[in-house]
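The stops below go from charged pairs to aromatic rings and end at a pair of strands.

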Amino acid sequence: MDVVVSALLFAVTLAVSWWRLAPSARDSLWAEDGRNFLADSAGSRVGGAWFDPYAGYLHLLPRLSADLVTALAPLPRYAVAVTAVSCLVVAVVAVVVYVCAGDVIGDRTSRAVVALVPILLPITSWEVLGNLANLHWFLLWVTPWLLLRRYRTRTGLVLATIGAAVIALTEIQAVLFVPLMLWHLRDARRWPPRVTLLLGLGAQVLATVRSPRAEVAGAAGDLSDLVTGYLVNVIGGVWWADAHQVGEVVASRWPLLVAVALPFVCATAYLLVRGDSLHRVATAALALGSLGAYAGAYLANGYHRAMYSTYTPDAWLDGFQYTRYGVVPGMLLVALLPLALSLARSRSARVPTLLITAGLLILLVVQATQLGSVHGARAAGPVWPPQATTVVDECDAGAAVGDASIAPGGPWLMVLPCSFVEDGE
């Protein structure tokens with residue numbers, strides 16, 4: 001039965017991920033995808049750029065994917081190929097989460113909901129979905145589930161160990177979940193992926209030391225800015241696709257924002273009070289991971305829009321925009337509801353089951369009605385095929401390299417060696 005459900009989850013996740021991206025977004029290259037990953041792949045042999053740091057850390061999965069695209073896709077189809085590969089990764093993540101969550105979430109329905117969380121979150125498609133530069137967020141989401149699982153077969157253990165290597169060499173923020181390794185510390189079957197994760201994170205630290213991330217201009221705000229930012233970007237991003245709606249709520253109906261946070265607070269309390277030790281560990285990982293993932297990103301990426309305490313009502317109405325740093329914290333938060341539902345059903349607790357089911361259904365309906373309302377930061381283009389033609393024309397005219405504009409525009413350019421372009425024609 002799990003094989004059938006996994007296949008369905010893969011197909012549904014792949015289809016919905018693709019559908020949630022506007023046609024123009026699917027055919028546009030995004031920022032680092034073109035300027036860094038594809039361009040670096042074109043300028044080196046296969047595998048030559050896999051361990052090259054960018055912005056202070058390693059990006060193994062995007063670089064692997066870029067090599068796949070440059071090796072198999074023609075130049076004018078790069079953008080569509082990148083989108084397809086990125087959606088495939090999200091579909092694989094859905095299956096991995098479904099399988100790995102089996103130890104802590106007993107019933108298949110609740111597990112399936114958890115697996116679908118990334119594509120149900122309203123704001124996922126704004127910037128995170130469908131590109132290589134943001135694949136690391138999905139790997140951060142899968143990390144706690146991989147660490148909570150006990151692998152009972154050699155195949156499962158090998159796959160988990162490979163997965164841990166890919167996660168660690170792609171997403172330095174996976175360090176947030178290292179404390180989960182204290183769970184069943186003496187269980188030898190849990191350690192191959194754990195050791196691999198630690199070694200990969202060690203490589204990330206080395207990369208950061210050797211190629212430090214440039215400091216972002218502007219200082220982070222105080223605690224009130226951090227708390228407000230969590231409420232509007234994480235809680236708000238779970239319920240509303242449109243940041244303007246959240247701005248309206250904060251400006252005139254702020255108790256509503258607190259009210260929609262209550263289901264998650266209640267689910268957390270229920271899990272901690274009524275759950276067993278595994279439920280408590282999973283709950284702590286999800287709840288603290290949600291807070292930690294947002295706080296870490298906020299503190300590491302201080303910028304003036306994060307000074308929420310300085311916002312006037314007009315600023316909330318006209319100036320508030322979501323940040324991608326709220327996406328994974330939102331995923332972790334939403335997962336608390338199906339986790340609590342699974343616990344209530346396993347204990348045949350009628351009232352908690354009814355209440356949690358009602359809350360989860362309301363959330364899913366609200367999210368489902370907004371899935372197609374976010375067109376994404378790439379929707380404005382520029383679409384890639386005409387830009388690919390520009391690169392070819394520049395190279396045909398005798399240039400050493402050809403360059404072209406990519407989304408989100410402005411200074412973002414993709415520069416390709418003409419020797420590579422001519423070989424690919």
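Buried means under 20% relative accessible area, exposed means over 50%, and partly exposed covers what is in between (1.4 Å probe, protein chains only). This is a predicted model, in which local features need pLDDT of at least 70 and side-chain atom pairs count only at pLDDT 80 or more, while totals for chains, interfaces and linings use all residues. Residues are numbered from 1 along each chain as its sequence is written, and side-chain values use heavy atoms, with hydrogens and water left out.

**Charged pairs**

Select Asp187 and Arg190 to begin. Both Asp187 and Arg190 are buried, and their side chains form a salt bridge at 3.2 Å, N to O. The term requires a side-chain nitrogen of Lys or Arg within 4 Å of a carboxyl oxygen of Asp or Glu. By that rule the count is nine salt bridges.

Next, select Asp40 and Arg63. Their side chains meet in a salt bridge, 3.1 Å from N to O. This pair links distant parts of the chain, 23 residues apart: Asp40 belongs to helix α3 (residues 32-42) and Arg63 to helix α4 (residues 60-72). Helices here are DSSP runs of H or I with at least four residues, strands are runs of E with at least two, and both are numbered from the N terminus. How accessible are the two partners? Asp40 is partly exposed, at a relative accessible area of 28%, whereas Arg63 is buried, at 3%.

Move to Arg345 and Asp107. A salt bridge of 3.2 Å, N to O, joins their side chains. Arg345 is in helix α18 (residues 336-346) and Asp107 is in the loop between α5 (78-100) and α6 (108-120), so the pair ties together parts 238 residues apart in sequence. Arg345 is partly exposed, with 43% relative accessible area, and Asp107 counts as buried at 17%.

Now show Asp2, Arg108 and Arg111, which a network of salt bridges links.

**Aromatic rings**

The whole structure holds 11 aromatic pairs. Select Trp137 and Tyr325 for one of them: an edge-to-face pair, 6.1 Å centre to centre, with 65° between the planes. Trp137 is part of helix α8 (residues 135-148) and Tyr325 of the loop between α16 (313-319) and α17 (327-334), so this pair ties together parts 188 residues apart in sequence. Trp137 is buried at 3% relative accessible area, and Tyr325 is buried at 10%.

Phe320 and Tyr322 are another edge-to-face pair, 5.7 Å between centres and 80° between planes. Rings of Phe, Tyr and Trp (its six-membered ring) pair if their centres lie within 6.5 Å; planes under 30 degrees apart count as stacked, over 60 as edge-to-face and the rest as tilted. Both Phe320 and Tyr322 are buried.

**Two strands**

Finish with strand β1 (residues 401-405) and β2, which run antiparallel and are joined by five bridges. Strands pair if DSSP finds at least two bridges between them. Asp403 has Val415 as its bridge partner in β2. Strand β2 (residues 413-417) has Met414 and Leu416 on its covered face, and Leu413, Val415 and Pro417 on the uncovered one.
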